[in-house]
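Visitor: I have a model open and would like to learn how to read it. Could you walk me through it, one feature at a time?

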Protein chains: 2
Amino acid sequence: MRPGADPFTRRTPRVVAARRLQRRRDRDETGLFLAEGPQAVREALAVRGRVTELFATAEAVERYADLVAAAAHVSPIDDDGLASLAETVTPQGLVAVCRHLDVALSEALTRRPRLVAVLAAVRDPGNAGTVLRTADAAGADAVVFAGETVDPYNGKCVRASAGSLFHLDVVRAGDPAVVVTALRDSGMTVLAADGYGNHDLDTLADDGALGVPTAWLFGSEAHGLPAELAEATDARVRVPIHGRAESLNLAAAAAVCLYASARAHRRIAR
Amino acid sequence: MRPGADPFTRRTPRVVAARRLQRRRDRDETGLFLAEGPQAVREALAVRGRVTELFATAEAVERYADLVAAAAHVSPIDDDGLASLAETVTPQGLVAVCRHLDVALSEALTRRPRLVAVLAAVRDPGNAGTVLRTADAAGADAVVFAGETVDPYNGKCVRASAGSLFHLDVVRAGDPAVVVTALRDSGMTVLAADGYGNHDLDTLADDGALGVPTAWLFGSEAHGLPAELAEATDARVRVPIHGRAESLNLAAAAAVCLYASARAHRRIAR
């Protein structure tokens with residue numbers, strides 16, 4: 001950064017252009033998205049060329065000198081400008097413009113994934129981001145955003161993923177039925193997480209059925225999976241409900257299913 | 001309901017009084033809280049005397065005749081009045097004023113619980129409600145809201161619990177350290193969910209250490225558990241992180257821990 005450069009305010013053309021990336025249409029058109037805060041920015045900078053521009057306040061330039069040094073293009077910004085770009089109250093002075101990083105399903109499959117999460121019509125970006133984070137923690141290789149699922153580059157999703165968006169293969173796909181077919185054709189077992197499924201998760205774990213490469217299919221928060229889609233999988237699996245709750249929420253169900261697979265994979269590896 | 005009664009609007013004294021229950025201070029003072037929508041109202045009505053007043057629109061009176069018949073006191077309300085009482089966009093015409101239902105920890109312990117979740121300084125009501133729902137699904141007997149944890153009667157918590165607030169013993173307690181001592185004195189094993197814990201959850205499960213009556217202690221979303229509190233438990237347990245995520249979010253970690261206990265309890269029962 002040129003010393004003494006006037007920081008960009010909220011009305012500067014570059015800030016205005018970047019702010020448009022809060023809208024899906026503009027993200028889709030430009031192939032760019034925003035990542036806020038030092039944690040996400042650090043993850044984004046780990047791959048050369050991914051960050052096209054780093055907006056940083058004077059304070060952040062001092063505090064995160066390593067990140068600023070790693071960015072190819074740093075734009076100074078004042079607090080007002082930053083506030084207009086960031087969706088959180090405390091982005092700690094940093095917002096990065098990043099290139100989309102999703103890969104085709106066929107590419108993700110060439111890496112022979114052992115654990116995949118597929119989101120079909122998950123509408124809440126916070127839920128989608130939380131599943132991304134949980135899938136990463138469980139050691140998943142890829143997360144597929146299929147059909148009517150929220151945009152992975154939605155700001156809330158990026159933040160809820162807590163950096164995990166940058167850790168595994170993110171796939172954007174169309175019809176979830178086509179995704180299920182491709183996964184099965186690749187040799188993976190596809191399991192539908194379904195509160196009304198006829199297979200119990202614990203029983204499958206006991207029977208050793210979870211030790212194979214597995215893709216979990218998760219449906220919408222409100223409606224679950226369409227019956228036709230669930231029936232196209234290898235099995236419809238329910239997380240057992242031991243108490244009086246009617247169901248689990250999406251993120252909790254995903255955590256239990258993905259960790260059950262992770263545990264089964266590691267038992268077999270021993 | 002008296003046929004032809006004028007429905008209460010947003011300015012009616014009863015609606016104004018009920019609306020105050022959106023604030024914690026008023027909930028604490030009156031010992032009342034609000035539950036919205038047919039699912040929560042149905043759960044609330046299951047215990048006689050719990051619902052002190054049911055606000056219902058004309059449409060809801062027709063549609064949910066069974067619920068209206070079960071309520072001791074029904075107050076007609078118009079859409080404007082309902083909108084001012086409800087925190088969701090779609091309460092489907094029903095808001096109930098309910099009596100607090102928490103019990104003392106000593107009372108919950110007389111029922112010899114096998115699985116308990118303790119929230120210490122959990123600040124987000126949505127997270128707390130989700131853990132309530134997950135604990136219920138996992139067959140927990142009680143959830144303790146300790147120390148600086150959010151009010152269980154917060155509207156967002158009630159909604160996120162999806163009815164589970166009404167299914168198990170809810171305890172409001174002070175100092176979490178006192179709760180830990182009481183739980184241990186009662187013979188329960190207390191495990192701290194701690195990303196930096198020295199025990200691995202899977203190893204404990206493999207060793208059969210989860211088969212005993214267990215209370216899980218969960219800390220704040222931002223800071224986890226204070227070291228002193230975690231050290232006062234029987235063990236600090238980490239959910240294994242197999243990928244590159246730094247941590248799991250609270251609700252996901254709680255789901256994995258509580259379901260690991262549920263599974264261990266049921267293996268022993270067989």
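Visitor: Let me start with strand E1 (residues 32-36) of chain B: how many of its residues are buried?

Guide: Some housekeeping before that. This is a predicted model, where local features need pLDDT of at least 70, side-chain atom pairs count only at pLDDT 80 or more, and totals for chains, interfaces and linings use all residues. Residues are numbered from 1 along each chain as its sequence is written, while chains are lettered from A and ligands numbered from 1 in the order in which they are written. Now your strand: five of the five residues of E1(B) are buried, so read it as mostly covered. A residue is buried if 20 or more other C-beta atoms lie within 10 Å of its own, exposed if 12 or fewer, and partly exposed in between, with C-beta atoms placed from the backbone. Helices (H or I, at least four residues) and strands (E, at least two) are DSSP runs, numbered from the N terminus.

Visitor: Which way do the residues of E1(B) point?

Guide: In a regular strand the side chains alternate between the two faces of the sheet. Here Leu32(B), Leu34(B) and Glu36(B) point one way, Phe33(B) and Ala35(B) the other way, and all are buried.

Visitor: And what does E1(B) run antiparallel to?

Guide: Strands of a sheet pair through backbone hydrogen bonds, either parallel or antiparallel. The partner is strand E4 (residues 94-99) of chain B, joined to E1(B) by five bridges; two strands pair if DSSP finds at least two bridges between them. Phe33(B) stands opposite Cys98(B) in E4(B). Over in chain A, E1 and E4 pair in the antiparallel sense over five bridges, with Leu32(A) opposite Arg99(A).

Visitor: In what order do the strands of that open sheet in chain A come?

Guide: The order is E1-E4-E2-E3, four strands with mixed pairing. E1 (32-36) and E3 (74-76) of chain A are the edges, each pairing on one side only. From one strand to the next the twist averages 20 degrees. Helix H3 (residues 37-45) of chain A lies across E1, E2 (51-56) and E4, at about 30 degrees to E4(A). Axes are lines fitted to C-alpha atoms, for helices over the stretch in contact, and angles run from 0 to 180 degrees between N-to-C directions.

Visitor: Zooming out, how many helices and strands does chain A have?

Guide: Chain A has 13 helices and 11 strands. Of its 270 residues, 52% count as buried. Its C-alpha atoms fill a box of roughly 65 × 40 × 35 Å along the principal axes.

Visitor: How many residues of chain A are in contact with chain B?

Guide: 29 residues of chain A are in contact with 29 of chain B, where contact means that C-beta atoms, placed from the backbone, lie within 7 Å. H13(A) gives the most to this side of chain A, with seven residues. Also, 100% of chain A's interface residues are interface residues in chain B too, so the copies meet through the same surface.

Visitor: By what turn can chain A be laid on chain B?

Guide: Two copies of a chain are related by a rotation about an axis and a shift along it. Here the turn is 180 degrees, with a shift of 0.0 Å along the axis and an RMSD of 0.0 Å. The two copies are thus related as by a two-fold rotation axis. The superposition is by least squares on the C-alpha atoms of residues with pLDDT of at least 70 in both.

Conventions
Contact = placed C-beta atoms within 7 Å.
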